[in-house]
Amino acid sequence: MQSLLRLQALEANNLTVEIGGKTVCRELDLIARPGECWALLGQNGAGKTTLLRTLAGLHPPRVGRVSWNGMALAAYSRRTFAQQVGILLQGEVGEFWGSVQEYALLGRFPHRNVLLGYGAQDEVLANQALQQVDLAGLADRPLDTLSGGERQRAAIAQLLVQQPECYLLDEPLQHLDLRHQAQVMQIFSKLQAQGGTIMMVLHDPLWAQRCCDHVLMQYSDGRVLHGRSQDLLTRGHLEELYQCPLHEISVAGERCFVAGV
């Protein structure tokens with residue numbers, strides 16, 4: 001069973017990543033298995049987005065290799081890889097002239113069997129995803145009329161329609177109000193419980209503590225530290241990571257860390 005789980009994992013071996021002459025990750029060995037949710041934490045500019053893009057095969061490592069299901073990313077066709085690994089990139093949706101539903105349907109593109117357009121089941125999946133992210137009532141609206149938070153939820157809906165096995169998420173909570181932050185984290189917690197592999201860039205350690213069983217801390221000097229959240233999400237580790245004093249408080253039995261300003 002252990003060897004099977006390793007085969008079905010996202011794995012980095014001796015991974016060193018650079019961008020613009022800066023080393024943002026050094027000698028990373030990591031295995032993210034089915035049913036695990038990872039938080040990627042670090043200061044602004046530490047290279048979290050670059051590392052996530054490297055794990056997604058969108059940025060070449062300087063040294064090392066990334067594999068999915070035991071096979072190097074470069075060995076996959078784009079279609080096959082997109083059927084299994086989904087990526088939510090940072091930033092608002094670019095220009096798209098169609099409706100919210102049509103935008104969500106783009107997630108079915110790697111699975112599409114119909115030569116022109118999408119099938120009835122694809123539309124069912126799109127409508128279900130829009131319902132999950134509280135956008136069903138806006139399905140016929142032009143995408144470019146939505147607010148930033150609504151566009152973010154539309155992008156998440158598109159990813160849900162894609163139905164990958166692994167989700168790589170760059171700041172999935174950006175632009176979202178508190179209600180929709182909680183809603184989105186519940187969605188990904190359910191996917192984790194169903195055996196999905198989740199890795200997400202987060203800024204709030206509280207969400208990492210509540211929803212992620214593993215954490216990867218990325219320091220500004222290229223060091224990385226990873227392990228179980230219960231071991232690493234401590235005041236000492238977080239103060240070193242963010243280079244600021246923190247207050248630790250307890251709310252309803254949960255630990256929270258607040259910047260000591």
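Predicted model: local features only at pLDDT ≥ 70, side-chain atom pairs only at ≥ 80, totals over all residues.

Me: OK, so at what angle do the axes of helix 6 and helix 7 cross?

Reply: Roughly 10°, and the axes come within 12 Å. Helix 6 covers residues 148-162, and helix 7 covers 178-193. With that angle under the cut-off, the two helices are therefore roughly parallel to each other.

Me: Which residues meet there?

Reply: From helix 6 you have Arg153, Ile156, Leu159 and Leu160. Helix 7 brings His180, Val184, Ile187, Phe188 and Leu191. By type, the contact has seven nonpolar residues, one polar and one charged.

Me: What does helix 7 make together with strand 7 and strand 8?

Reply: A right-handed β-α-β unit. Strand 7 (residues 166-170) and strand 8 run parallel, with five bridges between them. Cys166 has Thr197 as its bridge partner, and Tyr167 stands opposite Ile198.

Me: Is strand 8 mostly covered or mostly open?

Reply: Mostly covered: five of its five residues, 197-201, are buried. Thr197, Met199 and Val201 point one way, while Ile198 and Met200 point the other way, and all are buried.

Me: Let's zoom out. What's the strand order in the six-strand sheet?

Reply: The order is 6-7-8-3-9-10, in an open sheet with mixed pairing. Strand 6 (85-88) and strand 10 (224-228) are the edge strands, each pairing on one side only. On average, neighbouring strands are turned by 15° against each other, direction ignored.

Me: Which strands does helix 2 touch in that sheet?

Reply: Strand 3, strand 7, strand 8 and strand 9 (214-218). The direction of helix 2 makes about 155° with that of strand 7. Helix 10 also lies across part of this sheet, over strand 3, strand 9 and strand 10, at about 50° to strand 3.

Me: Switching topic: what about the four-strand sheet, how does the pairing run?

Reply: Antiparallel, in an open sheet with the order 2-1-4-5. Its edge strands are strand 2 (22-32) and strand 5 (71-72), and each pairs on one side only. Seven bridges join strand 1 (residues 10-19) to strand 2, and Val17 stands opposite Cys25 in strand 2.

Me: Which helix packs on that one?

Reply: Helix 2 again, residues 48-55. Here helix 2 touches strand 1, strand 2 and strand 4 (63-68), with a direction about 135° from that of strand 1.

Me: Is Gln243 buried or exposed?

Reply: Exposed: the relative accessible area of Gln243 is 60%, and the cut-off for exposed is over 50%.

Me: What is Gln243 in contact with?

Reply: Leaving out neighbours within four places in sequence, Gln243 is in contact with Gln43 and Leu238. Gln43 is 200 residues away from Gln243 in sequence, yet the two are 8.5 Å apart in space, C-alpha to C-alpha.

Key:
Residues numbered from 1 in each chain as written. Heavy atoms only, no water. Buried < 20%, exposed > 50% of the residue type's maximum accessible area, 1.4 Å probe, protein only. Pairing = 2+ DSSP bridges. Right-handed = clockwise from strand over helix to strand, strands pointing away. Axes fitted to C-alpha atoms, helices over the stretch in contact; angles between N-to-C directions. Parallel < 35°, antiparallel > 145°, perpendicular 65-115°, else oblique. Contact = heavy atoms within 4.5 Å. Nonpolar A, V, L, I, M, F, W, Y, C, P; charged D, E, K, R; others polar.
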